[in-house]
Amino acid sequence: MNVPLLDLVAQYRSIADEVVPAVMRVIERQTFIMGPEVAELERALAELCHARHAIACASGTDALLLPLKALDLSPGDEVIAPAFTFFATAGAIHNAGGTPVFADIDPGTYNADPAAIEAAITPRTRGIVVVHLFGQMAAMERVMAIAGRHGLAVIEDAAQSIGARRRIGDEWRVAGELGRAGTLSFFPSKNLGAWGDGGMMLTQDDALAARLGKLRLHGGAKQYHHEEVGFNSRLDTLQAAVLLAKLPHLAGWSAARRERAARYDQLLAPIHGICTPKVDPANEHIFHQYTVRAERRDALLRHLRARGIGCAVYYPLGLHLQPCFADLGYRPGALPETEAASREVLSLPIYPELAPAAQDAVVAAIREFYA
Ligand SMILES: *Cc1c(COP(=O)(O)O)cnc(C)c1O
(Lines give C-alpha, C1' and ligand atoms only; values in the text may rest on other atoms or scores of the structure.)
Protein backbone atom coordinates (compact mmCIF):
# COMPACT_ATOMS: atom_id res chain seq x y z
CA MET A 1 0.00 0.00 0.00
CA ASN A 2 1.36 3.42 -0.98
CA VAL A 3 0.99 6.05 1.72
CA PRO A 4 2.19 9.53 0.74
CA LEU A 5 3.78 11.78 3.35
CA LEU A 6 1.06 14.32 2.60
CA ASP A 7 -1.99 14.04 0.31
CA LEU A 8 -3.07 17.48 -0.86
CA VAL A 9 -5.17 15.97 -3.66
CA ALA A 10 -7.42 14.27 -1.08
CA GLN A 11 -7.90 17.59 0.70
CA TYR A 12 -8.60 19.36 -2.60
CA ARG A 13 -11.27 16.81 -3.57
CA SER A 14 -13.05 17.25 -0.23
CA ILE A 15 -13.33 21.06 -0.50
CA ALA A 16 -13.12 21.82 -4.25
CA ASP A 17 -16.76 22.94 -4.40
CA GLU A 18 -16.05 25.57 -1.72
CA VAL A 19 -12.67 26.84 -2.88
CA VAL A 20 -13.04 26.88 -6.67
CA PRO A 21 -16.07 29.26 -6.70
CA ALA A 22 -14.19 31.60 -4.32
CA VAL A 23 -11.26 31.64 -6.75
CA MET A 24 -13.62 32.18 -9.69
CA ARG A 25 -15.16 35.23 -7.99
CA VAL A 26 -11.72 36.88 -7.89
CA ILE A 27 -11.11 35.97 -11.52
CA GLU A 28 -14.49 37.36 -12.62
CA ARG A 29 -13.68 40.60 -10.76
CA GLN A 30 -10.01 40.73 -11.93
CA THR A 31 -8.92 42.19 -8.56
CA PHE A 32 -5.69 40.29 -8.15
CA ILE A 33 -3.74 42.75 -6.00
CA MET A 34 -5.02 43.75 -2.55
CA GLY A 35 -8.61 42.75 -3.33
CA PRO A 36 -11.18 42.64 -0.51
CA GLU A 37 -10.36 39.01 0.40
CA VAL A 38 -6.93 40.09 1.67
CA ALA A 39 -8.34 42.39 4.36
CA GLU A 40 -11.03 39.83 5.17
CA LEU A 41 -8.39 37.15 5.72
CA GLU A 42 -6.36 39.54 7.86
CA ARG A 43 -9.37 40.16 10.10
CA ALA A 44 -10.12 36.44 10.39
CA LEU A 45 -6.54 35.49 11.29
CA ALA A 46 -6.14 38.36 13.73
CA GLU A 47 -9.16 36.95 15.55
CA LEU A 48 -7.92 33.34 15.42
CA CYS A 49 -4.47 34.32 16.69
CA HIS A 50 -5.62 36.84 19.36
CA ALA A 51 -3.73 39.62 17.54
CA ARG A 52 -4.71 43.30 17.21
CA HIS A 53 -3.22 43.32 13.72
CA ALA A 54 -2.61 40.77 11.00
CA ILE A 55 -0.75 41.93 7.89
CA ALA A 56 -0.67 39.57 4.91
CA CYS A 57 2.50 39.18 2.87
CA ALA A 58 3.99 37.06 0.10
CA SER A 59 5.43 34.15 2.12
CA GLY A 60 6.28 32.85 5.57
CA THR A 61 9.87 33.83 4.86
CA ASP A 62 8.87 37.46 4.21
CA ALA A 63 6.68 37.35 7.31
CA LEU A 64 9.94 36.86 9.25
CA LEU A 65 12.03 39.22 7.14
CA LEU A 66 9.83 42.31 7.49
CA PRO A 67 9.59 42.37 11.33
CA LEU A 68 13.33 41.67 11.46
CA LYS A 69 13.90 44.62 9.09
CA ALA A 70 11.78 46.70 11.44
CA LEU A 71 14.38 46.05 14.18
CA ASP A 72 16.76 48.32 12.15
CA LEU A 73 19.73 46.05 12.80
CA SER A 74 23.28 47.37 12.39
CA PRO A 75 26.11 45.16 11.11
CA GLY A 76 27.20 42.87 13.94
CA ASP A 77 23.83 42.97 15.71
CA GLU A 78 22.86 39.47 16.79
CA VAL A 79 19.55 37.65 16.74
CA ILE A 80 19.27 34.32 18.56
CA ALA A 81 17.41 31.44 16.87
CA PRO A 82 17.22 27.68 17.29
CA ALA A 83 19.54 25.68 15.02
CA PHE A 84 16.94 22.96 14.50
CA THR A 85 14.35 24.52 12.19
CA PHE A 86 13.63 25.30 8.56
CA PHE A 87 16.31 27.45 6.93
CA ALA A 88 14.10 30.53 6.50
CA THR A 89 14.27 31.31 10.22
CA ALA A 90 17.98 32.09 10.02
CA GLY A 91 18.07 33.19 6.38
CA ALA A 92 15.68 36.02 7.28
CA ILE A 93 17.95 37.16 10.13
CA HIS A 94 20.87 37.33 7.69
CA ASN A 95 18.85 39.10 5.00
CA ALA A 96 17.63 41.67 7.55
CA GLY A 97 21.28 42.57 8.17
CA GLY A 98 21.73 40.65 11.42
CA THR A 99 24.02 37.85 12.54
CA PRO A 100 22.25 34.65 13.54
CA VAL A 101 23.39 33.13 16.85
CA PHE A 102 22.21 29.57 17.27
CA ALA A 103 20.75 28.03 20.42
CA ASP A 104 20.38 24.33 21.12
CA ILE A 105 17.00 22.68 21.59
CA ASP A 106 15.01 20.83 24.18
CA PRO A 107 15.33 17.16 23.12
CA GLY A 108 11.67 16.44 23.97
CA THR A 109 9.83 19.15 22.04
CA TYR A 110 12.63 20.10 19.60
CA ASN A 111 11.89 23.74 20.45
CA ALA A 112 14.65 26.13 21.50
CA ASP A 113 15.73 25.57 25.08
CA PRO A 114 15.12 28.85 27.00
CA ALA A 115 18.27 28.28 29.09
CA ALA A 116 20.31 27.94 25.87
CA ILE A 117 18.73 31.14 24.54
CA GLU A 118 19.68 33.02 27.70
CA ALA A 119 23.24 31.64 27.60
CA ALA A 120 23.62 32.92 24.01
CA ILE A 121 22.84 36.55 24.91
CA THR A 122 25.72 39.02 24.41
CA PRO A 123 25.89 42.84 24.47
CA ARG A 124 25.18 42.74 20.70
CA THR A 125 21.96 40.71 20.99
CA ARG A 126 18.91 42.58 19.70
CA GLY A 127 16.28 39.91 19.38
CA ILE A 128 15.17 36.30 19.63
CA VAL A 129 13.33 34.30 16.98
CA VAL A 130 11.35 31.53 18.67
CA VAL A 131 10.12 28.71 16.43
CA HIS A 132 7.03 26.70 17.37
CA LEU A 133 8.27 23.59 15.61
CA PHE A 134 6.19 20.70 14.23
CA GLY A 135 2.95 22.14 15.68
CA GLN A 136 3.55 22.82 19.35
CA MET A 137 4.50 26.05 21.06
CA ALA A 138 7.83 26.77 22.69
CA ALA A 139 7.90 27.73 26.38
CA MET A 140 6.87 31.32 25.60
CA GLU A 141 6.42 32.36 29.22
CA ARG A 142 10.08 31.60 29.87
CA VAL A 143 11.33 33.16 26.63
CA MET A 144 9.30 36.34 27.25
CA ALA A 145 10.69 36.61 30.79
CA ILE A 146 14.26 36.30 29.48
CA ALA A 147 13.58 38.83 26.70
CA GLY A 148 12.03 41.23 29.21
CA ARG A 149 15.05 41.03 31.53
CA HIS A 150 17.44 41.80 28.65
CA GLY A 151 15.28 44.24 26.66
CA LEU A 152 15.11 42.03 23.55
CA ALA A 153 12.45 41.79 20.84
CA VAL A 154 10.85 38.37 20.36
CA ILE A 155 9.58 37.21 16.98
CA GLU A 156 7.52 34.03 16.95
CA ASP A 157 7.92 31.84 13.86
CA ALA A 158 4.56 30.06 13.90
CA ALA A 159 4.82 28.82 10.28
CA GLN A 160 4.16 25.26 11.49
CA SER A 161 1.81 26.10 14.36
CA ILE A 162 -1.16 28.14 13.16
CA GLY A 163 -3.75 28.13 15.94
CA ALA A 164 -1.64 25.99 18.30
CA ARG A 165 -2.24 26.91 21.94
CA ARG A 166 -0.38 26.86 25.22
CA ARG A 167 -1.81 27.13 28.71
CA ILE A 168 0.06 29.96 30.45
CA GLY A 169 -1.21 30.85 33.92
CA ASP A 170 -4.91 30.18 33.58
CA GLU A 171 -5.23 31.31 29.97
CA TRP A 172 -4.85 29.70 26.55
CA ARG A 173 -2.36 31.71 24.51
CA VAL A 174 -2.12 31.21 20.75
CA ALA A 175 1.08 30.86 18.72
CA GLY A 176 2.10 34.32 17.53
CA GLU A 177 0.20 36.45 20.04
CA LEU A 178 2.84 37.05 22.71
CA GLY A 179 5.93 38.22 20.81
CA ARG A 180 6.58 41.65 19.30
CA ALA A 181 5.57 39.95 16.06
CA GLY A 182 4.32 36.51 15.09
CA THR A 183 4.54 34.95 11.65
CA LEU A 184 2.52 32.41 9.67
CA SER A 185 3.23 30.58 6.41
CA PHE A 186 0.65 29.42 3.90
CA PHE A 187 3.08 27.27 1.92
CA PRO A 188 0.84 24.54 0.42
CA SER A 189 2.06 21.80 2.79
CA LYS A 190 1.44 23.84 5.96
CA ASN A 191 -1.67 23.12 8.06
CA LEU A 192 -3.47 26.00 6.33
CA GLY A 193 -1.98 25.92 2.85
CA ALA A 194 -2.57 28.26 -0.08
CA TRP A 195 -2.39 27.25 -3.75
CA GLY A 196 0.98 28.93 -3.94
CA ASP A 197 3.05 31.05 -1.55
CA GLY A 198 1.68 33.25 1.20
CA GLY A 199 2.37 34.52 4.70
CA MET A 200 0.97 36.61 7.55
CA MET A 201 2.49 38.87 10.19
CA LEU A 202 0.78 39.28 13.57
CA THR A 203 1.33 41.99 16.16
CA GLN A 204 -0.37 43.77 19.05
CA ASP A 205 1.67 46.93 18.38
CA ASP A 206 -0.11 49.65 16.36
CA ALA A 207 3.09 51.42 15.28
CA LEU A 208 4.78 48.17 14.21
CA ALA A 209 1.66 47.15 12.28
CA ALA A 210 1.74 50.43 10.36
CA ARG A 211 5.44 49.97 9.60
CA LEU A 212 4.96 46.37 8.42
CA GLY A 213 2.08 47.51 6.20
CA LYS A 214 4.48 49.97 4.56
CA LEU A 215 7.41 47.56 4.33
CA ARG A 216 5.30 45.14 2.28
CA LEU A 217 4.42 47.94 -0.20
CA HIS A 218 7.82 49.41 -1.07
CA GLY A 219 8.03 51.38 2.15
CA GLY A 220 5.19 53.79 1.54
CA ALA A 221 1.69 54.09 3.00
CA LYS A 222 0.70 56.44 0.16
CA GLN A 223 1.26 55.27 -3.42
CA TYR A 224 4.39 56.77 -5.06
CA HIS A 225 5.59 58.24 -1.71
CA HIS A 226 8.28 56.22 0.07
CA GLU A 227 9.40 56.91 3.63
CA GLU A 228 11.84 54.01 3.50
CA VAL A 229 12.91 51.29 1.09
CA GLY A 230 10.63 48.31 1.49
CA PHE A 231 9.64 45.25 -0.50
CA ASN A 232 7.02 44.01 -2.91
CA SER A 233 5.52 41.45 -0.57
CA ARG A 234 1.78 41.31 -0.95
CA LEU A 235 -0.48 38.29 -0.64
CA ASP A 236 -2.32 37.64 -3.92
CA THR A 237 -6.09 38.08 -3.70
CA LEU A 238 -6.44 34.61 -5.26
CA GLN A 239 -4.47 33.09 -2.38
CA ALA A 240 -6.50 35.04 0.18
CA ALA A 241 -9.69 33.66 -1.40
CA VAL A 242 -8.34 30.09 -1.20
CA LEU A 243 -7.32 30.57 2.44
CA LEU A 244 -10.65 32.16 3.46
CA ALA A 245 -12.51 29.21 1.94
CA LYS A 246 -10.27 26.73 3.76
CA LEU A 247 -10.14 28.51 7.12
CA PRO A 248 -13.48 27.17 8.50
CA HIS A 249 -11.98 23.66 8.20
CA LEU A 250 -8.78 24.38 10.09
CA ALA A 251 -9.96 23.52 13.62
CA GLY A 252 -11.43 20.22 12.40
CA TRP A 253 -8.28 19.41 10.48
CA SER A 254 -6.11 20.08 13.54
CA ALA A 255 -8.35 17.84 15.67
CA ALA A 256 -8.11 15.10 13.02
CA ARG A 257 -4.32 15.39 13.05
CA ARG A 258 -4.34 15.06 16.87
CA GLU A 259 -6.51 11.93 16.63
CA ARG A 260 -4.14 10.36 14.13
CA ALA A 261 -1.17 11.26 16.30
CA ALA A 262 -2.81 9.61 19.31
CA ARG A 263 -3.42 6.48 17.24
CA TYR A 264 0.22 6.40 16.11
CA ASP A 265 1.31 6.84 19.76
CA GLN A 266 -0.70 3.78 20.71
CA LEU A 267 0.33 1.60 17.78
CA LEU A 268 4.03 2.52 17.89
CA ALA A 269 4.46 2.30 21.68
CA PRO A 270 5.26 -1.44 21.72
CA ILE A 271 7.85 -1.15 18.94
CA HIS A 272 11.35 -1.14 20.35
CA GLY A 273 13.55 1.26 18.40
CA ILE A 274 10.94 4.01 18.01
CA CYS A 275 10.41 6.91 20.39
CA THR A 276 7.08 8.70 19.84
CA PRO A 277 6.79 12.53 20.01
CA LYS A 278 6.69 14.29 23.37
CA VAL A 279 3.97 16.85 23.91
CA ASP A 280 4.58 19.46 26.59
CA PRO A 281 1.57 19.06 28.95
CA ALA A 282 0.87 22.81 28.70
CA ASN A 283 0.46 22.56 24.92
CA GLU A 284 -2.31 21.75 22.50
CA HIS A 285 -0.32 20.31 19.59
CA ILE A 286 -1.56 20.67 15.99
CA PHE A 287 0.81 18.02 14.57
CA HIS A 288 2.09 19.77 11.49
CA GLN A 289 4.54 16.87 11.64
CA TYR A 290 4.43 13.58 13.52
CA THR A 291 8.13 13.14 14.21
CA VAL A 292 9.60 10.08 15.90
CA ARG A 293 13.14 9.31 16.95
CA ALA A 294 14.29 6.09 15.34
CA GLU A 295 17.19 3.73 15.89
CA ARG A 296 19.04 3.13 12.59
CA ARG A 297 17.04 6.01 11.16
CA ASP A 298 18.54 6.11 7.67
CA ALA A 299 18.01 2.37 7.14
CA LEU A 300 14.41 2.70 8.38
CA LEU A 301 13.83 5.57 5.95
CA ARG A 302 15.07 3.47 3.02
CA HIS A 303 12.96 0.51 4.18
CA LEU A 304 9.79 2.63 4.34
CA ARG A 305 10.35 4.35 1.02
CA ALA A 306 11.01 1.02 -0.68
CA ARG A 307 7.55 -0.02 0.53
CA GLY A 308 5.84 3.11 -0.78
CA ILE A 309 5.58 4.77 2.65
CA GLY A 310 6.30 8.50 2.52
CA CYS A 311 8.61 9.82 5.22
CA ALA A 312 11.14 12.62 5.54
CA VAL A 313 13.89 13.97 7.73
CA TYR A 314 13.10 17.42 9.09
CA TYR A 315 15.93 18.47 9.48
CA PRO A 316 19.05 16.57 8.44
CA LEU A 317 21.59 19.33 9.19
CA GLY A 318 21.51 21.96 11.94
CA LEU A 319 21.55 25.54 10.69
CA HIS A 320 24.78 26.19 12.62
CA LEU A 321 26.56 23.69 10.33
CA GLN A 322 25.15 24.95 7.01
CA PRO A 323 27.87 25.87 4.50
CA CYS A 324 26.44 29.39 4.09
CA PHE A 325 27.04 30.06 7.80
CA ALA A 326 30.56 28.57 7.90
CA ASP A 327 32.00 32.00 8.65
CA LEU A 328 30.09 32.03 11.95
CA GLY A 329 32.61 29.44 13.13
CA TYR A 330 30.39 26.67 14.55
CA ARG A 331 31.99 23.21 14.69
CA PRO A 332 30.32 19.78 14.84
CA GLY A 333 29.55 19.07 18.49
CA ALA A 334 28.71 22.72 19.26
CA LEU A 335 24.95 22.02 19.64
CA PRO A 336 24.68 18.36 20.67
CA GLU A 337 20.87 18.13 20.99
CA THR A 338 20.35 19.64 17.55
CA GLU A 339 22.92 17.29 16.06
CA ALA A 340 21.43 14.21 17.78
CA ALA A 341 17.96 15.16 16.55
CA SER A 342 19.32 15.59 13.00
CA ARG A 343 20.60 12.01 13.12
CA GLU A 344 17.54 10.43 14.75
CA VAL A 345 14.30 12.13 13.64
CA LEU A 346 11.87 10.82 11.06
CA SER A 347 8.54 12.41 10.15
CA LEU A 348 5.71 10.02 9.24
CA PRO A 349 2.59 10.62 7.13
CA ILE A 350 0.05 12.72 9.04
CA TYR A 351 -2.88 14.61 7.56
CA PRO A 352 -6.61 14.80 8.24
CA GLU A 353 -7.48 12.45 5.36
CA LEU A 354 -5.03 9.72 6.49
CA ALA A 355 -7.20 6.60 6.72
CA PRO A 356 -6.77 3.99 9.49
CA ALA A 357 -5.77 1.33 6.93
CA ALA A 358 -3.03 3.61 5.58
CA GLN A 359 -1.82 4.33 9.09
CA ASP A 360 -1.80 0.60 9.85
CA ALA A 361 0.37 0.08 6.75
CA VAL A 362 2.89 2.64 8.02
CA VAL A 363 3.05 0.96 11.42
CA ALA A 364 3.28 -2.54 9.91
CA ALA A 365 6.25 -1.48 7.77
CA ILE A 366 8.00 -0.03 10.82
CA ARG A 367 7.27 -3.16 12.86
CA GLU A 368 8.67 -5.31 10.04
CA PHE A 369 11.89 -3.28 10.02
CA TYR A 370 12.58 -3.75 13.74
CA ALA A 371 11.37 -7.39 13.89
C1 LIG B 1 7.69 26.94 6.11
C2 LIG B 1 8.48 27.64 7.13
C3 LIG B 1 8.94 28.96 6.95
C4 LIG B 1 8.87 29.69 5.64
O5 LIG B 1 7.66 29.78 5.06
P6 LIG B 1 7.51 29.98 3.47
O7 LIG B 1 6.07 30.34 3.34
O8 LIG B 1 7.85 28.68 2.82
O9 LIG B 1 8.41 31.08 3.05
C10 LIG B 1 9.59 29.57 8.00
N11 LIG B 1 9.81 28.93 9.16
C12 LIG B 1 9.42 27.67 9.36
C13 LIG B 1 9.68 27.03 10.68
C14 LIG B 1 8.75 26.97 8.35
O15 LIG B 1 8.37 25.71 8.56
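The largest cavity holds about 90 Å³ of space. Here a cavity is a set of points, on a 1 Å grid over the protein atoms alone, where a 1.4 Å probe fits but cannot get out; points are joined across faces, edges and corners, and the volume is the space filled by probe spheres set on them. Of the 15 residues lining this cavity, L6, L8, Q11, R257 and P352 are closest to its centre. Lining means having an atom within 4 Å of a point. Counting cavities of 30 Å³ or more gives 2.

Before going on, keep in mind that this is a predicted model: local features need pLDDT of at least 70 and side-chain atom pairs count only at pLDDT 80 or more, while totals for chains, interfaces and linings use all residues. Residues are numbered from 1 along each chain as its sequence is written, and side-chain values use heavy atoms, with hydrogens and water left out.

Back at the largest cavity, α1 (8–29) and α9 (250–268) each give at least two residues to the lining. Helices (H or I, at least four residues) and strands (E, at least two) are DSSP runs numbered from the N terminus. The lining splits into 6 nonpolar, 4 polar and 5 charged residues, with Ala, Val, Leu, Ile, Met, Phe, Trp, Tyr, Cys and Pro taken as nonpolar, Asp, Glu, Lys and Arg as charged, and the others, Gly among them, as polar.

Now for the largest pocket, which has about 510 Å³ of space. A pocket is an open set of points with protein on both sides within 12 Å along at least five of seven lines. Its lining has 31 residues, and Q160, F187, S189, K190 and H288 lie nearest its centre. At least two lining residues come from each of α3, α4 and β8 (181–185).

This is also where the ligand sits, meaning that more than half of its atoms lie within 2 Å of the pocket's grid points. The elements giving two or more residues to the shell around the ligand are α3 (60–69) and α4 (88–95). That shell has 15 residues, with G60, T61, D157, S185 and K190 the closest; a residue belongs if one of its heavy atoms lies within 4 Å of the ligand.

Look at the ligand's polar atoms next. One of its nitrogens is 2.7 Å from a side-chain N or O atom of D157. A ligand oxygen is 2.8 Å from a polar backbone atom of G60, and a ligand oxygen is 3.1 Å from a side-chain N or O atom of K190.

Finally, the backbone. Most residues other than glycine have a negative phi, and most peptide bonds are trans. H50, in the loop between α2 (36–48) and β1 (53–57), has a positive phi of about 55° without being a glycine. Y314 and Y315 are joined by a cis peptide bond, with omega about 15°; Y315 is in the loop between α10 (297–306) and α11 (336–344).

How values were computed: Polar contact = N/O pair within 3.5 Å; in protein donor to acceptor, adjacent residues only side chain to side chain.
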